[in-house]
Structure formats: structure tokens, C-alpha cells
Amino acid sequence: MFDLKTFRNRVQDLYHAANPFEDGHRPTQSDLARELGFSRTELSRRLSGKGDVELTCANARAIIQQLAAWGALQSQAEAQDLLDLLACPPFTSAEWQAPPLDRLTPRDSLDRARQGQRSHNLPAPLSSFIGREAELAECRQLLTEVPSGYRLLTITGVGGVGKSRFAVELASSLLDRFADGVWLVKLAPLTNPHLINGVVAAALGVREEAGREIAQTLDDYVRPRNLLLILDNCEHLLDGVAELAERLLTNCPRLSIVATSREPLSLAGESRQRLPPLTTPDPQASQAVAQLAEYESVLLFVARARAARPSFRLTRQNAQAIAQICARLDGIPLAIELAAAQVEGISVEKLAQRLDDRLTILTGGLRTTAPHQQTLRASIEWSYALLRPSEQTLLRRLSIFAGGWSLEAAEAVCTGDFRLQIADFRLNEEPPTTQSQSVDVHQPNLQSTIYNLQSSEVLAGLIQLVNKSLVVAAADEPMRYSLLETIRQFADEQLRTNGEAEEAGRLHAALYLTLAEAAEPELNGARQAEWLLRLEAEHDNLRAALTWALAYNPEGAARLASAIWRFWNMRGYLSEGRGWLEAALIKSNPAPSAVRAKLLHAAGWLAEIQGDYPAAQTLLDQSLAMANAIDNADIQARALNSLGVRAMNMADYPEASRLLGDSLMLRQGLDDRWGATQALNNLGIVAAEQGDYAAAGRIYEQSLLIQRELGDKYGVAASLNNLAAVALYQGDYRTVQVAAGECLSLAHELGDKDGVALASLNLASAMLLEKDYPAANTRFEQCLALMRELGDQTGVAQSLVGLASVAYQCANFGLAAARYKESLIIAKELDYKLGVAVTIEGLALVATSEEQPERGARLFGAAEALRKALNAPLHSADLSEHEQAVTALRQQLGEAGFSRAWAAGQSLDTPAAIEYALTSRILDPTVITSR
């Protein structure tokens, strides 16, 4: 016999239970390693058997002697048991009589007799046990800790999570702790609870006595014995098993019981260990093979796949597919083993593609296992069949949720019993004239041919489904619930089979339309952060509601999308938000309405943020025209503000000022203080871009004051960022740090990725101007990655200019030119005129430093012509470097030559200037030249 794992576990249990040292701490593995002359790492490698060294018998004997010295061992029998686990020879008589082994109680005839009698009926494992080390250690401690150990431990978990296999592994590691053996009782085949006592007695070898109840005979047999009883698969006989366990534990003081069940026995003194799914990798993340091999689910899949196909290996080519399989199967061991068995006839890549129908394709379990453990579907059906009718109904209806739910949401959707004003969201009906109606709470809207749920049953039902391991309850507050995807897929099938899917979808969509319309005004005020978190938690449900509404009620989808577009904007879901808004525009009624005008505005604004200026112009023009047609001043003001930003981004500052001024007047007429701050902020940007920093600062301060009064943290962050930009233009880097730092903190609090990126751009620019080039480069790189994630092309162009400027200052002119050109190409595609001017100026600086004076002068001339046309002068912080370069060019070319080149550049129109800038020589970015 060689059982290193049991030896290791037993040693750990012993030194953890040893008497404390004088300083009060109990021995640890580090203490043991030090006493043996090993490092902790080397001892760990020897005990785990994973290194290139092994645990020798000499090592084992030294460990046993140290445990004896610490008082962790009490008898020679215990010491000999440890040696036997590694097939090591016993200590000699002289060793037994020498310190520290002489402290141990000598082996007597009773010890030897019990050693000979010790037995069990545990099955020999046919495959390796993978993972669960932390759970095994915790359960061993619960059962063996003295004096507070538990005598009843129930292993719970969803069907297929491996409760039975875990219990056998746990019992195997405890064989030396129970003198009268460890006994497994399989209850899955049993259907009559009156037969439980007889089945347990048979497993223990206890025969029924004539004229005597088997329960009495069983009690008498177990009472004097120190044994562990494993009651496996109790869920379908719960009351009978609970009665037996309570009686035996009361009458038999040396008995311990481990039960496996999909719900606890609910007895006094019961310890519960919920067995979680195996750890799974993120299927979207790219990970190295070595990293993937650390996940329990991946280890299990590979081990079982090799059993089916011995040549199978985890490789770089199949790693992503295996990660997807393990994650989509929720880390459930049964599902993973069934999937791994399929690799005998199908590639893992194709298997991953077909997992949408997992309940059908994952079949073929071992014939010797219980029927409900041979397929994934059978395992879940077994659990479902054991539910009460009300619990079955609740589970079906909970499948309509995506990404979790609250108790209140479950009460509303699963019963149709809304206790709040909800949107009228019926199928194939025009939206009502008012946005919501009161629903009679006494008339449930959701009918079932099986069972009609009441609100009062939902909480009780949820608790029972959590206890039965079918619903997962999060530990966070407020409490949220969820389903493993495999369970959700099965419950969704049942929902459709029972004809409840249509009505459940309607109520689910109604609830989340209600939430969205309640959130809309809150996103501008003091509860902004709270509502952003709430919408983030419900984002998957909002997506599901939109999907349903687009199919069955497009007008409802239009209302929902137009209500939460600012959430998408503030949280950086720009592409996704545009997709939903455009789908709602296509599907919904094109007739003029407030909802459609809001949709057009929202889609136009997100297009503007992403730099899709032509689409933004079209959508915003349509929104304004529709708002004028229906005489809606609020939407008119929104559209005018956004069109003002559009004009500002095109550097048409007179038009921007006009549009933003009109928006401000409308906002003031509506007494809309929040809307007024939006117009003010943008008017400040127009002033700053034209070099009037004093006016811009005053406007930003005015806007900031109102936003702080309103509690609009998002607006506060925007105003602070703009104040930081003005300070940056004026060379006031201390103010940049303070204002952009507060902006960054608020943006992180709100989850506002765009705000984080913009504040980071200002901080990076300040670092650049303060000549902290490594820090600036790192910050610009972070900005670039975030802007690309957001799909903000204008931000991408600005980040590239920052990186180019760092490279230029570090005399890496080749890299600077490459990055300026990359930014120029984006600015050209966006028609981002100010970005074009900035990048051409950057390329002019590079040409000047690389002693290409003719090209440098032409590029500077072209950039100046662009700035004059835009009325966008250079910012103060850039003037010095610009003037130095121009002076150098005059000296190199002479006044006449400089004037000719400068005039030639000024004569170029914008397309010609861009073409000239892009066709200039790109230096090798790896070459560092001196300035």
C-alpha cells in the first residue's frame, strides 16, 4: 500500500491539532520543514509528490518523530498507521524506547485486534480524483476536530457536481480515524422509506433478529462502535433518512454520519458543506496552457479525455475550446466527464460549438452508475421530479431571468402580482396613452395549467430551491439569486413545454421597462451612482427584455432603449447601445413621437461619441426636426446641445455657439438646471478651443457649482476635466493634477470609462509637459487601450498624438512619425479637422528635427492655414516649441526659402495637405536619433 495523499492529509491534521508553542501559535508546515532541515517549498513538493524529489521512508520517520515531539501523536498504533500508508518498515524496539517515541502509548492487543478488524466497503476508485483539496480539508476538520467536531455532515450541491465521489474520497482519507470502519450505504435505488433501516443494516452486516424491530437491532450494533456511515443520495428519501440519522446519532455517541443530498437534512447539530462546481477559466480570456492547467475543470476534462483517447493532450491549439467547454458546462463534473468522453469521435472545437444543445448531446455515462447519473438531462430531471408542484413552477419561471434577480423581481414576474405601477406591455397592442397603469394585485396575470403561484409562495419557494441546490444565492447584499446555465436551459425547456414562456416574457419585459423608466431621471441627480450600479446589476435582464420586446412589442423596445441610453453612454457600452437604439428605430413606428425623437437623439449622441460624425449629423438633425414637429421643448434642447457638440467637433465654433446658446435658452425656459449645465459645459469648451481660457474657466465654474448642488457626479466629473484641460493649456499643472485627479476618482466610482479615459488624457499631457516621459507614455498607453475598448475613435487619435509627442521628446523620431500618421489617418476618416491640424504640426516638428527643413516649413504652413480656417489657435503650452522650430527653419532655409515653403504649404487645401503629410518619409521606428 502506498497512499501519499492520505499520509499528507493525516500529517496536516495532526500538526494543526498539536498543542500551541509558548508564543501561542500552533505548528505549521513551515515549522515542520524547519525541524526537518528542509525549506517549506521542498517539504511541500515531497508531500505532494509533484516535484522531482520524493518523500522517502527516512523522511516519513523523521516527520513521525517530530509529531511525537510536539505531542500530536498519542500512541504507537497511530505512528505505525502512518508508516503503513507509505509501506515503510516499522520502528525498531530501541527506537520505540528512545525519545521522542517513548512518549507514545504502547500498542496492546486491543489496538492490534482493531487494526486487523478495521474494514470498509468503499469502492476502489477507477479513475483519479481531481481538485476539491480545500473542501476535503475543511470537511476532515469538521468531522475530526476535538472537541468541537461535528458528527453529522451533509454534502449538498447541484445534480452532477460530484457529491457521491467526493464523499467516498473524504471517507477514504478518514479510514484510520474510525476503529470500526467506514461504511457506504447507497440509497439512490431505494424508493420506499420504510426500507432504509434494513438497507443500512445490510451494509453493516447486521442481520435482522426474530421478534425484534430492525431499528433496535441496528442501534444496539452501532452504539458501542466508533464508525463512519456514508448515506449517499438522500434527497428522495429526506424525511426517512433524517429520522434514521437523528435516532442513530442520539443513541450512538461514537457514530459519525456523512450524508450526500441535494438539500440538507435540517437536523440539529448538522454541518453543511455546499459543494461548488469545479473552478473554470474565463472563456473569453486568452491564457497560456500552463495557466489553464491550474483550473480543476480543465484538469478533469483532460484526464477523462485521455481515458477516451490516450493520445489526447492540452495544447495551445485546443486550449481555447477546452476553456469554453468547461465554462459553458458551469464546472459541473458530470457534464465535463460526459463531454470529455465525446472526444473519442469528435474534436473539442466542434464539441464546443455544439454545446447549445448540451442536454441532448451529453449522454453515455457508465452503465454501472445510477440511471439519474448517466446523462446530464437525467441528473437534472431527477432533481426536478423531486420538487413540489409550486417549486417546479417557480423554477420554470425563474429561467426567464438573465444574470440573476432579486426577490422582488421574482415575486413580480413569477406570479404576475405587481405591487407597483408597471408598463402595459401586452402583445400586439399599441402602447397606451399614459406610460403606466395600475395592475390589480388580486388578479394574477400569469396562469399555469399546472399550478397558479401566489406572491407569498415565492420567498418560501426560493429558499427551498436554494436548499435543494437548484438556485444559487449570492452572499452579497442586497441578496441576488441566479441559476447555473445548465439548470436554466432545462428550466427554460420546461417553461416552453408548459406554455408559459410568452406570458413570462411579457411580464419580465414589463418589469424591466418599469425599471428603465424609473432610472431615467435618476441618472442626472444625487442618486446617480446608486442607479448606475442597479442598472449594471440588471444589465443582462435589460438585454433580455429588449430582445423580447423587439420581437413582440417594438414600441415597448423603443421606450426601454430611449430610457437607458445614458447608462450605456456613462458606462462605456457605446457600440452595444447604438446597436439596440438602431434596432429599435428600425422595428418601431416611424411616425413622429416623443419616444422616437428621443431614440434618434440617443443614437446620434452615441455615434458622435464614437466619432461617426456623418451618422451623428443625420440622426441629430432628424431628432431636432421631429422635436420641432411635435413641439417638444425638452427634446429640442437635447438635440440642439448635441448638434452644438457636433459643430464644435467639426471646429465650426460660430455654429456651435449658436446651437448651444439656443439649447441653453430652452433649458432655462424649462427651469431645467441640469440641462443648462450641459449647454454651459460645451460653451466653455468652445471658448477654450478658441483660446479664451478666462471665459472658459468662468463657464466651467458656473456649471460645476450647479452640478454639485444637484449631486450630479457625472456632470461634476465632466466640468472638473474641462477645468483641468484649461489649466493644462495655461501651464498650470498643479490645477491639472487636482481637478483631473478628482474627476478620475468620480469616474471610477461611477464606472464611467469615458470619464476615466478623458481624465487620464489630461493627466498624461501634464506629465508630458512636465517632462516625466516614462509616466506619460504609460498613461497614454492606458488611454489608448481604453479608447479602443470604448470604440471612441476621436479619443484613439488623441491618445496616439500623446504617444507620438512622448516619442518625439525622447528623440525617437521614427516612432513619433509613425504614430502621428496613424492618428492623422483616423482624423481624416472622422473629418476631425482640429485633429488633422495637430498631427500635421507634429509631423512638421519631426521633419524639422530630422533636418528636412523644406518639408517642415510646408507642413507648418499647411497646419497654420487649417487653424486659421477653424479659428483654433495654438494653446499656450505648445507655443514655445512651435516658435523654436519655426526659428530653426528660418535659419536653415533663409528668409526667402522659408517664405516660399511656408506659402506652398498654406496654399494646400485640407485633402492635399493630408496627402502631403502622409507621403513623407517614415523613419524606422526602432532607430533612435539625436536631436
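This report describes the overall make-up of one chain and then looks at a few of its helices.

The model is predicted, and its chain holds 44 helices and seven strands. Along its principal axes the C-alpha trace spans about 120 × 75 × 55 Å, and of the 931 residues 55% count as buried.

Helix 20, which runs over residues 389-398, is mostly covered, with nine of its 10 residues buried. The buried residues of helix 20 include the charged residues Glu 391, Arg 396 and Arg 397, and Leu 394, Leu 395 and Leu 398 are also on the list. In helix 26 the buried residues are His 539, Asn 541, Leu 542, Ala 545, Leu 546, Trp 548, Ala 549 and Leu 550. What covers these buried residues of helix 26 includes helix 24 (501-522), helix 25 (528-537), helix 27 (554-571) and helix 28 (574-587).

| Helix pair | Angle | Distance between axes |
|---|---|---|
| Helix 29 (residues 594-609) and helix 31 (residues 633-649) | about 20 degrees | 10 Å |
| Helix 40 (residues 813-830) and helix 44 (residues 910-918) | about 155 degrees | 10 Å |

With helix 29 and helix 31 packing at an angle of about 20 degrees, helix 29 is therefore roughly parallel to helix 31, and helix 29 passes helix 31 in a left-handed crossing. On the side of helix 29 the contact is formed by Ala 594, Ala 597, Lys 598, His 601, Trp 605 and Glu 608, which meet Ile 635, Arg 638, Ala 639, Ser 642, Val 645, Arg 646 and Asn 649 in helix 31. By class, the residues of this contact of helix 29 with helix 31 divide into six nonpolar, three polar and four charged.

Helix 40 and helix 44 pack at an angle of about 155 degrees, so helix 40 is roughly antiparallel to helix 44, and the crossing of helix 40 and helix 44 is left-handed. Lys 821, Leu 824, Ile 825 and Lys 828 of helix 40 make this contact with Ile 914, Ala 917 and Leu 918 of helix 44. The contact of helix 40 with helix 44 has five nonpolar, no polar and two charged residues.

Note on methods. Residues are numbered from 1 along each chain as its sequence is written. This is a predicted model: local features need pLDDT of at least 70, side-chain atom pairs count only at pLDDT 80 or more; totals for chains, interfaces and linings use all residues. Side-chain values use heavy atoms; hydrogens and water are left out. Axes are lines fitted to C-alpha atoms, for helices over the stretch in contact, and angles run from 0 to 180 degrees between N-to-C directions. Helices (H or I, at least four residues) and strands (E, at least two) are DSSP runs, numbered from the N terminus. Angles under 35 degrees count as roughly parallel, over 145 as roughly antiparallel, 65 to 115 as roughly perpendicular and the rest as oblique. A crossing is left-handed if the near helix is turned anticlockwise from the far one by less than a right angle, and right-handed if clockwise. Contact means heavy atoms within 4.5 Å. Buried means under 20% relative accessible area, exposed over 50%, partly exposed in between (1.4 Å probe, protein chains only).
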